[in-house]
Amino acid sequence: MTAARSASSPTAPGTADLITFADDEGGPDASKVSLRLNEDEAHTLAELLGGTQITESLTALDQIPGLSIDWFTVDYEDHIAGQTLGNPADRGIAGLTVVAVVRGESANPAPAQDFRVFPGDTLVVAGSPEKVAKAFTFFRTGELKAKTVDAPPGANQ
């Protein structure tokens with residue numbers, strides 16, 4: 001069985017990655033394929049897969065300056081798989097909100113901190129683009145990128 005995952009790339013604004021993989025790593029379909037889609041291609045694919053209503057709603061909200069709304073589909077290998085959502089601020093990501101968790105055909109809006117996340121769930125998050133990228137890194141690895149400080153060359157840090 002092949003599964004697909006879409007996640008925006010924090011390093012390439014306006015793009016999405018589509019990754020296909022086999023559930024059985026040792027099976028005959030064990031190859032993985034990764035495609036980078038531009039924004040129009042990602043919206044078209046979402047419409048073909050039945051995500052038109054969600055896509056239209058998120059697109060309308062995504063027009064607010066400084067606000068990024070994105071979704072992260074949880075994979076078996078992701079750190080967040082099997083974990084509770086917790087409070088993003090307690091995990092070093094203040095200013096990020098998990099708007100909903102989509103599981104199968106149903107959405108769980110405004111999930112509580114004790115909501116357990118499973119592979120296949122899709123987390124809908126909102127925050128600044130930097131916070132969303134930081135959250136995606138945490139969801140995948142459990143680590144938060146170190147905060148960088150802009151300083152002129154030779155300045156003491």
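**Working chat: a tour of the predicted model**

Biologist: What does Ala94 count as, by relative accessibility?
Modeller: Ala94 counts as partly exposed, at 41% relative accessibility. Buried means under 20% relative accessible area, exposed means over 50%, and partly exposed is in between, using a 1.4 Å probe on protein chains only.

Biologist: What kind of model is this?
Modeller: This is a predicted model: local features need pLDDT of at least 70, side-chain atom pairs count only at pLDDT 80 or more, and totals for chains, interfaces and linings use all residues. Residues are numbered from 1 along each chain as its sequence is written, and side-chain values use heavy atoms, with hydrogens and water left out.

Biologist: Back to Ala94. Where is Ala94 found?
Modeller: In the loop between β4 and β5. Helices (H or I, at least four residues) and strands (E, at least two) are DSSP runs, numbered from the N terminus.

Biologist: And what is Ala94 in contact with, leaving aside neighbours within four places in sequence?
Modeller: Pro88, Ala89 and Lys131. Contact means heavy atoms within 4.5 Å. The C-alpha atoms of Ala94 and Lys131 are separated by 7.9 Å, and these residues are 37 apart along the chain.

Biologist: Zoom out. How many helices and strands are there in the protein chain?
Modeller: Three helices and seven strands. Along the sequence the pattern runs β-β-β-α-α-β-β-β-β-α.

Biologist: What share of the residues is buried?
Modeller: Buried residues make up 32% of the 157 in the protein chain. As for contacts with a separation of 6 or more, 51% are between residues 24 or more positions apart.

Biologist: Now the core. Which residues in the largest nonpolar core touch the most other members?
Modeller: Phe72, Val74, Leu85, Leu123, Val125 and Phe139, out of 18 residues in that core. β5 (97–103), β7 (122–127) and α3 (129–141) each supply at least two core residues. The largest share, five residues, comes from α3. A nonpolar core here is a set of buried Ala, Val, Leu, Ile, Met, Phe, Trp, Tyr and Cys residues joined through side-chain atoms within 4.5 Å.

Biologist: What does Val125 touch?
Modeller: Not counting residues up to four places away in sequence, Val125 touches Ser68, Ile69, Asp70, Leu96, Thr97, Val98, Val99, Val132, Phe136 and Phe139.

Biologist: How many aromatic pairs does a search of the whole structure find?
Modeller: Four. In one of them, the rings of Phe72 and Phe139 have centres 5.3 Å apart and planes at 55 degrees, so the pair is tilted. Rings of Phe, Tyr and Trp (its six-membered ring) pair if their centres lie within 6.5 Å; planes under 30 degrees apart count as stacked, over 60 as edge-to-face and the rest as tilted.

Biologist: Where do Phe72 and Phe139 lie?
Modeller: Phe72 lies in strand β4 (residues 68–73) and Phe139 in helix α3, so the pair ties together parts 67 residues apart in sequence. Phe72 is buried, with a relative accessible area of 0%. Phe139 is buried too, at 5%. Phe72, Phe136, Phe138 and Phe139 form one aromatic cluster.

Biologist: Charges next. How many salt bridges does a search of the whole structure find?
Modeller: One. Arg103 pairs with Asp121, and the closest N and O atoms are 2.7 Å apart. Arg103 lies in strand β5 and Asp121 in the loop between β6 (106–109) and β7, so the pair ties together parts 18 residues apart in sequence. A salt bridge needs a side-chain nitrogen of Lys or Arg within 4 Å of a carboxyl oxygen of Asp or Glu.

Biologist: Asp121: buried or exposed?
Modeller: Asp121 is buried, with a relative accessible area of 2%. Arg103 is partly exposed, at 30%.

Biologist: That loop between β6 and β7 again. What phi does Ala110 have?
Modeller: A positive phi of about 45 degrees, although Ala110 is not a glycine. Ala110 is found in the loop between β6 and β7. Ala110 counts as exposed, at 62% relative accessibility.

Biologist: And what does Ala100 touch?
Modeller: Asn108, Pro109, Ala110, Pro111, Thr122, Leu123 and Val124, not counting residues up to four places away in sequence. Ala100 lies in strand β5 and is buried, with a relative accessible area of 11%.
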